[in-house]
Every structure is written in C-alpha cells, then in structure tokens.
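Work through the exercises below with the model open. Each task is followed by a stepwise solution.

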Amino acid sequence: MNLKKYLVRALHRLQKGPGYTYKELLVWYCDNTNTHGPKRIIKEGPKKKLVWFFLTLLFASLVFWQWGILINTYLSYNVTSSLSIGFKTMQFPAVTVCNANPFKYSEVKHLLKDLDRLIEAALERILQPAVGNGSENGSAPGNGSAPGNGSENGFALGNDSENGSEPLNLELWHQIPLVLIDEHDKDNPVILDIFESSQTAGGNHSSAGNETAAPVTPANATLEEKKYKLAVKLCSHQGSENCTYRNFSSAAQAVTEWYILQSTSILARVPLQDRIRMGYQAEDMILACLYGAEPCNYKNFTQIYHPDHGNCYIFNWGMEEEALNSSNPGAEFGLKLILDISQQDYIPFLSSAAGARLMLHQQKSFPFLKDQGIYAMAGTETSIGVLVDELERMGYPYSDCTMNGSDVPVKNLYSQYNTSYSIQACLRSCFQNHMVESCGCGHYMFPLPEGVNYCNNEDNPGWAYCYSSLRSSIPHRQICIDSCKETCNDTQYKMTISMADWPSEASEDWIFHILSYERDMSTNVTLDRNGIIKLNIYFQEYNYRTISESAATTIVWLLSSLGGQFGFWMGGSVLCLIEFGEIIIDSLWITIIHIISWCKGLKQKRARAQYPDAPPTVSELVEAHTNLGFQHEDAGTLPRDEALPPEPGTPPPNYDSLRVQPLDGLGPDSDAE
C-alpha cells in the first residue's frame, strides 16, 4: 500500500510540475548554484551584471571547447610504446633452409626443353653483333622494312641459328611473346617481332596489330639513337588486340620475367609429388648438422614444398615435437650446418642467384622466404647472431590487430599447413582469392582453394594478362590491405651477419674428400667450393627486448582532465554539474507540461467549433433528469403560430413536512408506528 501511495503521489507531482516559470527557475539556479559567476549576475548592479554575464559566458565556452578537445583526444585511442629488456632462457627459433634453385635441371630438362630452345634462339637474334654499317645493311631503325636483322642496345638481330634442326615451338612463344619496342618516335612506337622471319611450326606466323619485322641499326649509332626496349606482350587471349606490354630497362630482367611466366605455366600442370621428386632431397643437401653439443642430421628437419624454392627443410618447427631451448648464448651453443647446393645443376634462365635461402621464424609459422629470407653465399662460412624482439600490440579499439586471425574476413589458405596466422599469409590468400574470381584459376605460387586448378597457357590462355592486371591494380591491393590485420603478439629476430671464405685453400682438399666420401661413399672429390655453404646460427645474448603498447589516455585521465578544466575556468565540481543537470530536467519538465496544456487547449477549441452552444450546467442536467417535461428552448424547431402542448407540472414540495416537531408533541402511537 505504501508503494501504491508513493506512486500515486509521484504521478500527481509529475502532473503538477516544478511549479516555476522559466525566469523563476533561472533566478533560483543562479542564486543557489555553487558555480562561481552566476550568483554575481543577479546580485550586482546593472553594469556589473553585464560584465559578469559576459565573463561567465566566455569561460563556459572555454570549458566546453577544452572538453571537446579532451574527449576527442580520448576517443582517438592513442598508444604509447615502452621498451623493456629482460633476461631468460629462450626457445631456439625455427630455421628454414632452401636452395635458391627450386629444381634440379637434370630432372626438369625434358619439361623445359622447348622453352630453353626458344629463349636461346631469341637471345641469339637479339645479341648477334651487327655486320657492316647502316648504309650496307638496310634502312635506318624504325622503318620496319628490313626483316631478319635488327638491334637493341648496340646489337643486331641475326638469322635463326636453328636452321636445319628441329623446328622451334612457336606456339609456346606466341602465347606469351617477347617483343622489341622501337621508341625513336615516342608518339608512335613500333612493335618489332623477334621471330618474324624465322621458321614456324605448322605454318603459323606471328601477326599482332602493328608488329613488324625487326629493323637494322647502324653499328656506329649513338646511345640516343638506340631506343629499343625488350618487353613482354600479354594479351587477354591469343590473337586479341586487348594487350599490354610490360617494359623493362634491361633485357636481362625481361628474359627472367618471361621465363618465370612460361615455366610457371608448365610446372603448374605437374603433380605435387613429381615436383617434390624433382627438387633437392634432404639427404643430398644437408651434409652435416650439429646443435650445441648434440649431433643431428636431415631426419631432424621437416620437409615442405615452397613454390619459389622447391623443397625446403625446417629445423625446430615445433609441429611434432616440443621446441628446443638454447642452453647458452654464443656460437658454440647454436646450430651448425653444412649444405650442398649443387650449383652445377641449376636451371640457367630461372635461377640467376646461387646460394642457400634461409629464414628464422617462430615455431608453427609458415616461412615466407621471398619476403623475409636472406641469402647465404656459396664457398663461405656465414655466422648469424640473433637478437629477439617481442612485440605486444593493444587490440581494438587502440589498433586493428588480431590474436589468431579468426576475426579476419579473408580465408587463410595457408591453414592447410597447420600454421599460425600472419599478415603475409592473409595478403597472399586474399590475392589468390581475387585471382580465382577474376581469372578463373589460381596462381602457381600460392595455395589453392578447394575445387580450383592452377593457371596454365593451355587451359587458361589469358591468365598472364589477367595476373599482370590484377597485380598492378591498386584497388585490389587496397582491398587486401584493408581486410588483413597485423598480429597483436609477434616475435622478430634481428640478425647480425658475418662471412668468411670456407674452406680455406689450405684445408679445402681434406674437407672436400671427407664430405664427398660421407655423401657418395667415393674416394673421388665430388664437391667443390661453388656448391658448399657452412652456416652458424646462435643467440648473441639472452637479453631480449619487449616493445609493448599501453593506452596513452585512460578514463581516469579523461575525468581528471575534464574536472581540472571545469574547476580552473568556472570553479566548479561534479556537484555543480548535478545542479546544472537538475535545472535542465526542470526546464524540460515545464516545457512538457506547457506542451500538454497547449494540446488540451487546442482540443477544447476544436470541440467548441463543432458545438457552438454552451454546454448545459449541472442544475440544468438535474432538472432535466427529475422533470420529464423539461426541455431546452429551441427557437428554431417549431413555427411561431403553433402552440406547445400543455406540460405536466410537478407539485411543489411540502416544506412543512420537513420541519422537526418537538418530542412532547408526538402521541403514544408514534413509537408504535
């Protein structure tokens, strides 16, 4: 019951309102508030009132301006980085070693035979020295009237060296051809076909728009006159005019890029097991292994297939066994390896660098050697001292990082290796997904989604054009950058690298004899300086650096800053804010009541407009209820001449019967009644 009474009383209070007008409420606030300034406005004289009103308004504006800056600073979620140095026993990093050459040339030569013959013939036509001068060999460069010979960078195009031998597979050439671009007239460059005058397979001749035969350049031409560039021609499909040309400043770069595109198409059709078999095997590549004082061998390495480098081998990956700890810092307690890269079996046009590619990374993470790996040179002993940096980033809303990639909208294609999330894996997975959507096939260098095949020239003739367009597309790259996130916790290995010749001339004889015997069981030396690499990987010290982020502004900082500004400019506190909130609520309350009253008045006006006569009074309603003959006079209802029927009257009340009689006046029979 008490609760019901309280609610009824509160409802009546709400209906009644504060009981003030706006002016009364404002005067009451200025007279009772604890904030400095408003009191002086109502208590001072007219001139001082104006001054204090201006000062109060000015400082209140400054407070709100400062509050806006502080709140905006807090909502920007800035962070500060702190560096701390610790000392502990650390896990030895995972070490991935690969050969710079992905396949043994002796194993893939039958697959690349046509490709090698094409590039050799093209190079002969490009690099054959010119015979004679310009007046003896034809017209000047750029007129396209002399098929057979031409020049680029001071060399003339010669006749095909394959005359009388097996025909070249020009069908392979026409899928992704190399062309010369004559830029003597920059407004109208001329496309020169290298194999215009050579023999063709099946009678097919090259024809592509404005392509002409390669012309001759005078032997004594200056550098300004030799404006030829080698380019890779990429078309949406063979014979299409929708083509693009990838220009290169050096013919070496153009040849390498062209060979990679062509070999990628060929190797994409080879099953994975065959590609693994054609790569370098662990027992042939890893000649010796020592971790600390414990011997190891190739069986302690985990094999994975890397599209860029073929078979790669990972030490201490932590997939099947626990990660190894380093007992002490220093070279004597690290990993020592001797590798054989077999440089004599390199693919000539695919691998221009010789050596081993290696990378240090966290356990259970995929090694992206093309981006983060380093080379170790053949014939040297490479020592790598390692320092550890641990990065700890704050998550949302301070940064857009992820703990395990579960909140990233890109499907991680590298999860098939059971590896952890990384931004490199996300970016490559995103690109491969765009490649599948745009080109209908996947690129050979990245893992495939389910139900998708790798691109090749036979099944996807325009894949190279599509791939090149996608790779140079800024919007597609930006989509991937916006979709992928950095990991919140990361470990980076800083390396100090030093090298020395190994083995020395004095010791190379016995070292090569021993290593050759251990690998091939032969007394003959089968190894040489061009194929041997020695690696020493160790912790320089057990000091590790932790770079952690912390919030630059917290809620405590925000509240203290807001209160400091309010107290400095207005002399206020939290209670003053409560008082200000109270007057705001009362003002809203009064406004609502006025609105309700206005709505009621408007409703009553509408009712009066519908019924113009005044409503009957209470006495008239009572008279009409008790007197059946009572009716309102309505002058317009009856004609003037028509008389009203007689109305039945009501006898007046007997007022004498209502008087009180004296008790002695009552007869004895009254009680009986």
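**Exercise 1. The second largest pocket**

From which domains does the lining of the second largest pocket draw at least three residues each?

Solution. Some ground rules come before the steps. This is a predicted model, where local features need pLDDT of at least 70, side-chain atom pairs count only at pLDDT 80 or more, and totals for chains, interfaces and linings use all residues. Residues are numbered from 1 along each chain as its sequence is written, and side-chain values use heavy atoms, with hydrogens and water left out.

Step 1. Take the volume, meaning the space filled by probe spheres set on the points. The second largest pocket holds about 740 Å³.

Step 2. List the lining. It has 25 residues, and Gln362, Ser365, Ser422, Asp490 and Thr491 are the closest to the pocket centre.

Step 3. Assign elements, which are DSSP runs numbered from the N terminus (helices H or I, at least four residues; strands E, at least two). Strand S15 (356-361), helix H12 (423-439), strand S19 (486-487) and strand S20 (489-501) each give two or more residues. S20 gives the most, with seven residues.

Step 4. Assign domains, whose bounds come from an automatic or database domain assignment. The answer is domain 2 (83-101 + 282-392 + 491-552) and domain 4 (402-487).

**Exercise 2. Salt bridges**

Solution. Step 1. Apply the rule: a side-chain nitrogen of Lys or Arg within 4 Å of a carboxyl oxygen of Asp or Glu. The count comes to 13 salt bridges.

Step 1. Lys104 sits in the loop between strand S2 (94-99) and helix H5 (105-127), and Asp284 in helix H10 (residues 282-285), so the bridge ties together parts 180 residues apart in sequence.

Step 2. Classify by relative accessible area: buried is under 20%, exposed over 50%, partly exposed in between (1.4 Å probe, protein chains only). Lys104 is buried at 19%. Asp284 is partly exposed at 32%.

Step 3. Asp371 is in helix H11 (residues 369-372) and Arg428 in helix H12, 57 residues apart. Asp371 is partly exposed at 45%; Arg428 is buried at 17%.

Step 4. Glu508 belongs to helix H15 (residues 508-520), and Arg529 to the loop between H15 and S21, 21 residues apart. Glu508 is partly exposed at 26%, and Arg529 is partly exposed at 25%.

**Exercise 3. Two residues and their surroundings**

Is Ser548 buried or exposed?

Solution. Step 1. Ser548 is in strand S21 (residues 532-551). Ser548 counts as buried because its relative accessibility is 16%.

Step 1. Contact means heavy atoms within 4.5 Å. Beyond neighbours within four places in sequence, Ser548 touches Thr80, Ser81, Ser82 and Glu392.

Step 2. Phe333 lies in the loop between strand S13 (310-315) and strand S14 (335-340).

Definitions and conventions: 1 Å grid on protein atoms, 1.4 Å probe; cavity = no way out; pocket = protein on both sides within 12 Å on 5 of 7 lines; lining within 4 Å.
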